[in-house]
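Dear colleague,

Below I am handing over the structure we spoke about, and after it you will find what came out of it. Please read the notes with the model open beside you.

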Amino acid sequence: MASALLSNPTFALQPSAQKVALQTNYITNFDFMNQYLPDTYEKEFERYGNRTIASFLRMVGAEMPSNSDQIKWAEQGRLHIKYTNCSSGAALGSDTATFTVVDASITSIAIRVGQTVMIQNNTSGVYNKAIVTATGAMTFTVAFYEAAGQAFAIYTQCTVFIYGSEFQKGTLGMEGSLESEDDFYDNKPIIIKDKYAVNGSDMAQIGWVEITTENGATGYLWYLKSEHETRLRFEDYLETAMIEAVPAENGSGVAALFGN
C-alpha cells in the first residue's frame with residue numbers, strides 16, 4: 001500500500017488554515033491517537049509500534065526483503081528435552097520401572113544414567129520423581145524416590161522431563177554427551193495486494209480534522225474514509241496471513257510472509 005497522493009510519503013504534514021484538500025495536509029493513515037495525543041504517540045507508539053504483528057516485526061528488525069521463491073533456514077534444537085508418550089509395564093506401587101518412549105521421529109533417547117526425572121500422568125497430573133539407573137535405545141529404567149512407588153497404573157501414558165542429576169561421592173561422572181541437533185526448514189514467500197480507486201464523486205467522503213501541532217501551528221488535515229478502510233483491511237490481511245499460514249502444496253514447508 002502506498003500513499004494515495006504523495007509520491008514520497010512523509011510525516012511532515014502541514015495543516016491548512018482553511019478546509020482545502022492539498023498534498024501537504026492529507027492523512028494517508030488517519031489515527032485519532034496520532035492526531036490528538038502527539039505526546040503519547042511519540043513516547044509509546046514510536047517505541048513499541050502500533051501493536052500489530054507487522055509493526056512488531058519492523059521494530060525487532062525481523063522483516064527481510066526477498067526476491068527468491070524459496071527461503072531456507074536452520075534452527076538449533078532444544079537444550080532441555082522431554083518425551084510426551086512413554087509408558088511402563090510396572091504395576092501401581094512398584095519401586096522401580098522400565099519406561100518405553102514411543103516417538104517415530106527418533107532412534108534413540110537423550111536420557112542418561114544418573115539423571116533425575118519427573119514422570120507425570122498425561123491425564124490426571126499425578127507424578128513421580130525418580131533417578132535413572134539404566135538406559136536403552138528407546139527405554140530407560142528408574143528407581144522412584146517416593147516410598148509409595150509408582151503413582152499410576154500399568155501402561156499409563158506419561159510425560160518425562162529431565163530436571164537434574166545425582167551421583168554418589170567418588171563415582172565416575174556422567175557417561176556420554178549431548179549436542180543440540182540442527183533442524184532445517186524451508187518456506188515460500190507470498191505476495192499480498194489490495195487496491196483503492198478514487199474518482200470525482202468519492203471526494204464527498206473527505207473527513208476533516210482540526211489540529212494544533214507541537215510547534216503551535218493550527219489548521220485542518222483531511223483523509224478519505226474508504227482509503228483508510230482499505231489500508232486497515234490490507235493490514236488485517238497482513239496479520240492473519242502470518243498467523244493462519246497453510247502448508248505449501250509441494251510439501252516444502254509452511255507459507256510465510258515477508259514485507260517490504
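**Strands and barrel**

In this predicted model, β2 and strand β7 (residues 158-165) run antiparallel and are joined by three bridges, where two strands pair if DSSP finds at least two bridges between them, and where strands (E, at least two residues) are DSSP runs numbered from the N terminus. Within this pair, Tyr83 stands opposite Val160 in β7. Both strands belong to a closed barrel of six strands with antiparallel pairing, which runs β2-β3-β6-β5-β4-β7.

Tyr155 lies in the loop between β6 (139-144) and β7, and has a positive phi of about 60 degrees although it is not a glycine. Most residues other than glycine have a negative phi. Tyr155 counts as exposed because its relative accessibility is 60%, the cut-off being over 50% (1.4 Å probe, protein chains only).

**Lining of the second largest pocket**

By class, this lining has ten nonpolar, nine polar and seven charged residues, with Asp, Glu, Lys and Arg counted as charged, Ala, Val, Leu, Ile, Met, Phe, Trp, Tyr, Cys and Pro as nonpolar, and the others, Gly among them, as polar. The largest share of the lining, four residues, comes from β2.

**How to read the values**

Residues are numbered from 1 along each chain as its sequence is written, and side-chain values use heavy atoms, with hydrogens and water left out. Local features need pLDDT of at least 70 and side-chain atom pairs count only at pLDDT 80 or more, whereas totals for chains, interfaces and linings use all residues.

With best wishes

Note on methods: Buried < 20%, exposed > 50% of the residue type's maximum accessible area, 1.4 Å probe, protein only.
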